[in-house]
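Here is a short note for a colleague who is opening this structure for the first time. Please keep the structure in view while reading the points.

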Amino acid sequence: MKSHLVKSLLLASSLVAVASLASVASAEECATGPVTVGFLPKLDTDPYFQVAQTGAEEAAAEIGGKAIKQAPSQATAEAQIEFINNLVSQKVGVIAISANDANAVAPALKRAMQQGVKIVSYDSDVAPAARTVFLNQAAGDSLAEMMLESMGKLIDYDGEFAILSSTPTATNQNAWIDFMKAKMAAEPKYAKMKLVQVAYGQESEQVNQQQALGLAQAFPNLKGIIIPAGIGLPAAARAMEQAGLLGKIKLTGLAPATLIKKYIQDGSVQDIWWNVKDLGYLTYFAAQAVAQCKLTGKEGETFKAGRLGDYTVGKGGEVLLGPADIVTPANVEEFKF
Amino acid sequence: MAVAESSEKQGEVVASLSGATKIFGGTVAISDVSIELRAGEVLALLGENGAGKSTCVKLLAGVYRPDIGKVVVGGEPVAFSSPLQAQRAGIAVMHQHPGLFPDLSVGENLFIGQAGPRSSWRIDRARMRSEAQRLLQLVGLHADIDAPLSRLRTSEQQLVEIARALSLDARVLIMDEPTAALSQREVERLFAVVNNLRGHGVAMMFVGHRMDEIYRVADRIAVLRDGHLVGVERAQELTRERAVQMMVGRSLDGLYPHHEPTEAAVLMSVKGLSRDGAFEDVSFELRAGEILGFGGLVGSGRTEIARVLFGIDQPTAGTMTLDGADVRFASARDAMDRGIAYVSEDRIGQSLVMDFSILANNSLTVLDEATHGGLVSRSNELAFAKPFLDRLRLRFHSYDQPVSTLSGGNQQKVVLSKWLATQPRVLILDEPTQGIDVQAKADVHAMIADLASQGLAIILISSELPELLGMCDRMIVLREGRISARFDRDEATQEKVISAATDAGEAERDAMRPAVGAESQVFTPENPGLALPRLFARREFGLVAAIAAVVIPVSILNPRMLSGANLSALAMDAGLLMTVAVGQMLVIITRNIDLSVAAVIGLAAYGAASTLHLHPELGVVGGVLLACGIGLLAGLVNGFVVTYGKVPAIVVTLGTMTIFRGLNSLWAGGQQISADQVPQSWLDMTSANLFGIPAVLIIAVATLLVIAWALRSTVIGRELYAIGSNPAGAQLIGIPVRARVLLAFAVGGLLAGFDGALWASRYATVDARVAYGFELTVIAAVVVGGIAVRGGSGTVLGVALGTLTLLVINNGLTLVRVDPLWLQGVYGLVILAAIGIDAYVARRGAASRKGAH
Amino acid sequence: MARRSDTAPDFVARFANWDNFLAVLTIAVLAYAVLFVPNFASAFNISQAIAGVSERALIVLPMVLLIIAREIDLSVASILALTSVVFGLMVQAGAPLLVAIPLTLVAGGLCGAFNGVLVTALGLPSLVVTLGTMALFRGIGYILLGSGSINIFPDSFLSFGIDMVGPTPLPWTIVPFLVLAPIFAIAQQKMPVGRRIYAIGGNPDTARYSGIRLARTVFWLFVTSGVVCAAAGMVYAARLSNARANNALGIELDVITIALLGGISVFGGKGRLTGVLWALLLVATIRNVLGLLQIGGDAQGTVIGLLLIVSLLASNAAERLFGSLRVQFLSRKTGE
């Protein structure tokens, strides 16, 4: 037994020695040409990120470089950290991450930056110190306001409603929810609306359905649910339909238009959406700009994003894709996703 | 007894052993034994412990095959590859330690495993009942046929074993110590049956110890000694004295070391020591330097006394004093600390750890002393081992070889050394030379005498008369829990001891006084009519009560609980969970577990949905069949690795769980199949309603009913329970264990696959993460439903109720707006409560059935 | 008769066994990784791979002992999560590290004691008990902290979670394991308590008849497991600067897989820590390599699961072969 212990110690220390010899990348390095961008979505099974990736690939075809994607099987920070490390080891130029947990992934991202990898975030932000720019689909408060407004109109600004979010730590959803609460407190027109609970669908079809149903059962006077999570809105709609509550409880939120088309067309659900592919496209361009040190996240900087045109960096390093649209029966066909 | 009117004429040889020799390891169990069993005749087999009787029984029963010689049945030599074959050849055996199934009912125990041309795959309950009634009446057992066997006392279980043997269509009946646990009345009953069979021309063999019984029942008597057949004579012509002489007939001279009795003070004294159901009113004194023998038959209470002296068991009356002060030992450790050592008669089961080396076994009793600076020191260990092993002249290769590679005699030397290392003052030896070769015996005897002369007080329990007589200064003889005689060395003779141990010399027999070894008659069986519904009521009723306890208050707080929408959703959830839970139940009944069910659901769900997306022409039926096929395949993989690969189920299914999830992930490649990508008919499958009840629930309930029926009314179903209840026993009576377990896994997988189809239909959007973590919910539902994790018991109704309980609690808490995250904690409490209650009930049941086992 | 060489350890036992097989396999995989997988052998990659298994490595230490003693603890991940929540709450309330850390360990010990009491005093099977406490402990975590998280920790704590030891690529988070592993190994192989555990697993009756206190030993094993899980909980919180009730979801099965792969028999009484260490190294390497090859998450499980099953099938076959060989070899020697 002793020999085993000795053997394993020898092996471990030889590995460590070999690794120490490997060069450490310098902290500051500007790429001279297009680099590989590693996209790290929240979850591998979310179609949202598949579509965003097609936009990134379109951009890669245009300006060169490579867009790869690695996603965790669990929507947790721990899983994402493993992939952050993997991407760094694969020596990508930039990591584009949509975070499951803004703070938990920050140390790993900082470590990545030390290794010379640049970080941008998209869709769901991380702690600002851990990234250069954040590509947001739409202004957070604008999205929140649109959702709140949509719900208000549906329930005549009066009554109980709930929110069905994704995971408890998701940065983007939490930001929207905070905006909504602030807006409700600030503006008198929302005075008669009451938020009774925030539930979590955990990015799972089954959980979303069960939570939606549970909300309906637990709050007999519930008049509507806001669902700012892509998988959640169609799932909740299905659940309400099965329970026969589809007209009674109004649904609105953010969801891929194609998944909710049926319910949009019969008017029972409202949706606010944007062109997801464009987000990926934009992120790719931004990432390349950051890699080549052309973009440092300072407010006011501008860069060109191919066919989408020029973009300016806003406060806190945030770049907005553009305003979101309300999906109506009239324009629902325009949305490819 | 269903006996074909025998074609054998009275006296014709039906079965025999011809020149049979059997060797185990290095020991010769029997050598060149030839005995004949004749139609209409009872042959009694007499002999001391270790003479080879049980080996003869096992050869005829098909458990072993002779190394030399043959077993002959009906004039033809046969080679039984299993007990089932022997059974088919017409040999029925009443085993001494019945391999019955505690979880099956009395009636089922009578007939399980009897596959033959007559039986079908279905259980004919009516016929079984009538047969069972008849058999039980025959042996005089009043018991509820439907009661689980575990509720019967040991003597009653023995009667079931007897009845079981009688239920076979046997030409040959072998009875191995059938009366050991029976009362006089029951014994009479048995003999009446034997006489009946005699008239029908059945050839019988009776192995026993009680001379009185032997002489009543036997036509001829065969005597074995040290594995050899000494002689076979007609009972009428053989006097008891001569029989005893044949059994023991050795001279004693010069075999045992000389030993002077001592006059030292009394070291230990025992007064009126009793333990209910084991022994009564035992008193003796033990001096330093003397060897006190305990004689008597197996089961007379000697080992039970030793265990009380050593602190493993507690006495129910009487006192023990050591050095003049009263002592009470709460554990073996206590006794050891006071200087008592006990060398168990069960060398392999209680004295040695077979995987340990000689040195490690030796140090087991002195671990703390064999350390140096907190670490076990090899030199200290050797210091403890070498002296005694050398003195005992152990034959071995190295101190580090596993004891499993030693012969019996050398193993015993290690055991002795281990105990001597504790430097005891009182050494209790229980059959120390049983099953070991002559040379080793001599070494052991020499050591014992040596120890006595050094001042150790020794109790020597032995069934070997020469050993008792040669080694002991004094001896007490026990019979059925009481001291029947005390002898000094000078006055003892083998005949006297055997007389005292059996009833060979007893003039009277108190016919009504039960043996202390049998259960105390204070226990009165419950009225069988009420007992069954009462027990049934416990588990399932408790669940119903739990459900009500949640539903009622919650409905008051939030009437929505009983609303159509809520009940409908609940029903669908229940349908999905029940379907897969009942599959898990099948696996758990056989004493296995399947952790991969959720991964199978996911794989099947994704597989079906994605295939339907690409080939919608398959339709709903095609999709369901595909999902079931995936599940079946997965179940077969699990089953094969468990049964033929011999890897434990928990390990296999842990591995396949991750494999199937991984395959699911690779297949899906991050894609989802969303609701609009599959045919609408697929989605409608689960939204269908029948009179307002969701189709999913109806399908699930139908499945449960089918399985409940199969478990109750088919032979295969009962065999599954048997396998979980007593795997070794199941193997022994010829149940094809591997095939059945494979079936359980296959069906479990199939149901999981089917559940996957339902899941995909209900939840519409399917990705690689379907049912993640669901396996724990499934197992929780099964556990809460009362299915024992150790296998062998559980009902489908329990599964259904367990499922409902969990879901109702979930639903109820949601409806009263308890934070959904709290649900986890509640689930945990529910599981713990369920198994806690199970354990409590089981303990109460065991306590109410006092008695020796 | 005893011979002179008989006091030296048995050669046959050392020659052909599971640990060596694993060692060869691990070294082969490592060699393959270093040579053929690009970017594997960088300081960064190796240090992160090691950091990633810090908690699993800790938890596997008591788990091995439990499995050898014929018990199991499925609640380890939940104890990790709960104690990390407790720790986070204490830090948030202002408790200094010197107070919070020991108290957290005590909390873990209490969880373990709860398991231990249910198993020893009430005699319930540990599989089902820890299935229940797995849900219960995490549930308590949710009750204490809800779905939120605590991210603010003292800098010293966080630098423990992030930094490397000096100039080496060894992260600080693996140091608790490096300190405890030799202690566990020595306790297991060389101390009386280790022998007792092996005896309990090898033959509980013999252990009891030899004066070993089963209930007490098993109880303290569960307590130890709880304490080590609490330590792992703090390491986790430091590494991810995150204390949440759903930390480390699902790693109990990972840990059990590593233990079983490492040669610990599920029937108890057999297996050594060295094999488990090789298995740990092997699984970490395989996962890392697969990640570098862009195979992620659940798909990695396919390889690990296959490895587990195939290795056990192979070991069964090998056991039968070597077992019979050894008996022949030895019985010839002793002339039995």
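**Notes on the model**

1. Start where chains B and C meet. In this predicted model, 71 residues of chain B are in contact with 69 residues of chain C. Several elements of chain B each supply at least two residues to that side, including helix H10 (332-337), helix H13 (378-391), helix H28 (774-784) and helix H30 (823-847). Which helix gives the most to the side of chain B that touches chain C? H22(B) does, with 14 residues. H22 of chain B spans residues 649-668. By class, this side of chain B has 39 nonpolar, 24 polar and eight charged residues.

2. Next, the nonpolar core. The largest one has 505 residues. Those with the most contacts inside it are Ala286(A), Ile458(B), Ile601(B), Ala605(B) and Ile831(B). Take Ile831(B) as a case. Leaving out residues up to four places away in sequence, Ile831(B) touches Ala780(B), Val783(B) and Val784(B), and also Val128(C), Leu131(C), Gly132(C) and Ala135(C). As background, nonpolar side chains tend to be buried together in soluble globular proteins.

3. Now the domains of chain B. The assignment gives domain 1 (13-248), domain 2 (266-501) and domain 3 (530-846). The C-alpha centres of domain 1 of chain B and domain 2 of chain B lie 33 Å apart. Their contact takes 11 residues from domain 1 of chain B and 14 residues from domain 2 of chain B. On the domain 1 side, helix H8 (residues 240-248) of chain B gives the most, with three residues. That side of domain 1 of chain B divides into three nonpolar, six polar and two charged residues.

4. Chain A is also divided. Its domain 1 is listed as 30-137 + 276-323, and its domain 2 as 140-273. The C-alpha centres of these domains of chain A lie 28 Å apart. Domain 1 of chain A brings 14 residues to the contact, and domain 2 of chain A brings 11 residues. The side of domain 1 of chain A that touches domain 2 of chain A has seven nonpolar, three polar and four charged residues.

5. Check the confidence in chain A. The mean pLDDT of chain A is 86, and 92% of its residues reach 70 or more. Which element of chain A has the lowest mean pLDDT? Helix H1 (residues 2-21) of chain A does, at 56. Strand S3 (residues 94-97) of chain A has the highest, at 95. Over residues 20-27 of chain A the pLDDT is below 50. Beyond near neighbours in sequence, that stretch has 12 contacts in the model.

6. Strand S11 (residues 266-275) of chain B and strand S14 (residues 317-322) of chain B pair in the antiparallel sense over five bridges. Val270(B) stands opposite Met320(B) in S14(B). S14(B) also runs antiparallel to strand S15 (residues 325-327) of chain B, joined by three bridges. Here Met320(B) stands opposite Val327(B) in S15(B). The hairpin of S14(B) and S15(B) has two residues between the strands, and Asp323(B) takes a positive phi near 55°.

7. Last, a single residue. Leu567(B) is found in helix H19 (residues 564-589) of chain B. Why does Leu567(B) count as partly exposed? Because Leu567(B) has 18 C-beta neighbours inside 10 Å, and a buried residue needs 20 or more. Leu567(B) and Ala545(B) are 22 residues apart in sequence and 18 Å apart in space, C-alpha to C-alpha.

Technical notes: Residues numbered from 1 in each chain as written. Chains lettered and ligands numbered in written order. Predicted model: local features only at pLDDT ≥ 70, side-chain atom pairs only at ≥ 80, totals over all residues. Domains from an automatic or database assignment. Contact = placed C-beta atoms within 7 Å. Helix = DSSP H or I, 4+ residues; strand = E, 2+ residues; numbered from the N terminus. Nonpolar A, V, L, I, M, F, W, Y, C, P; charged D, E, K, R; others polar. Core = buried A, V, L, I, M, F, W, Y, C linked by C-beta atoms within 7 Å. Buried ≥ 20, exposed ≤ 12 C-beta atoms within 10 Å, placed from the backbone. pLDDT = per-residue confidence, 0-100. Pairing = 2+ DSSP bridges.
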